[in-house]
Amino acid sequence: MLAAETLLPIDVPLSSAGAPLPHVFADEGRMVVAYLVDTPDTSFDGTNPRSVSPLTRNQSVAVLAADPYLVFQFGPSNDEAISGHRLYGLGLKPYSAFEVLNSSWIGSLEEANRVHSSHRPDLFSAYRHFILTFHDSTLEFVAARFSTTLREGAVLTVLMETIGNRAPAQNTKPARFFDMLWRRG
C-alpha cells in the first residue's frame with residue numbers, strides 16, 4: 001500500500017499578497033519562475049494602493065530555477081478558490097510553498113511511462129513535487145531540485161535577464177530525464 005500524500009512546508013521567498021505577478025519560462029529541461037516578493041511598506045496606511053506591472057522597476061524579485069524539471073502546471077486555483085484544490089484538505093493554503101511527499105502526480109507520471117521500452121522506475125526516484133500558491137494562481141512542478149535567489153528590478157526584466165544569462169554549472173550539461181530515458185544499457 002502506498003503512503004498517503006502529505007504536505008511539507010518549504011522555505012522560499014514569500015510572494016507578495018497583492019500582485020506577485022509570477023512569470024514562468026520553461027523549455028524541455030529548465031524552468032525559471034520570477035515573482036514579486038512580499039516587502040511590507042511601513043508607510044502604507046491602507047489608502048491609495050500602489051499599482052505595479054511586470055515592468056515596474058525597483059522591486060524585490062524572487063527567481064526560482066528548477067534544472068532539471070519534469071513537468072509543471074500553472075493556473076488555478078487562486079487564493080479565493082484554494083479550498084477547491086485537491087491538496088487543500090492536507091493543509092494547502094494561499095501565499096505558501098510546500099513539497100508534496102508521496103506524490104500521486106509523480107506516481108502517475110511513472111505509471112504512464114511504463115509503456116516505453118527503456119522505462120525504469122528509478123528514473124523518477126530523484127524527482128520531487130513542489131507547489132507554490134500565489135494571489136491569482138498556483139504553480140505545481142516536479143523537479144529533481146530547485147534554487148531561489150533574490151534580485152532587484154522589474155519582474156519581467158529579471159526573468160529575461162535570468163534566462164538570457166544562463167551559464168552551465170562548471171561547464172557541464174546536467175543529465176536530463178529524456179536523455180536518461182533514451183540511453184540503453
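**Close-up views of a predicted model**

View 1. Thr138 is buried, as its relative accessible area is 2% (buried means under 20%, exposed over 50% and partly exposed in between, with a 1.4 Å probe and protein chains only). This is a predicted model, in which local features need pLDDT of at least 70 and side-chain atom pairs count only at pLDDT 80 or more, while totals for chains, interfaces and linings use all residues. Residues are numbered from 1 along each chain as its sequence is written, and side-chain values use heavy atoms, with hydrogens and water left out. You will find Thr138 in strand β8 (strands are DSSP runs of E, at least two residues, numbered from the N terminus). Leaving aside neighbours within four places in sequence, the residues in contact with Thr138 include Ser77, Ile82 and Ile131 (contact means heavy atoms within 4.5 Å). The Thr138 side chain also reaches the backbone oxygen of Ser77 at 2.6 Å.

**View 2. Tyr69 and Phe72.** Rings of Phe, Tyr and Trp (its six-membered ring) pair if their centres lie within 6.5 Å; planes under 30 degrees apart count as stacked, over 60 as edge-to-face and the rest as tilted. This rule gives five aromatic pairs. In one of them, the Tyr69 and Phe72 ring centres are 6.0 Å apart with planes at 55 degrees, so the pair is tilted. Tyr69 is buried at 9% relative accessible area, whereas Phe72 is partly exposed at 31%.

**View 3. Phe130 and Phe141.** Here is a tilted aromatic pair, 5.3 Å centre to centre with 35 degrees between the planes of Phe130 and Phe141. Phe130 lies in strand β7 (residues 128-133) and Phe141 in strand β8 (residues 138-143), 11 residues apart. Both Phe130 and Phe141 are buried. Ring pairs join Phe130, Phe141 and Phe146 into a cluster.

Notes: Helices (H or I, at least four residues) and strands (E, at least two) are DSSP runs, numbered from the N terminus. A polar contact is a pair of N or O atoms within 3.5 Å; within protein, one must be able to donate a hydrogen and the other to accept it, and residues adjacent in sequence count only if both atoms are side-chain atoms.
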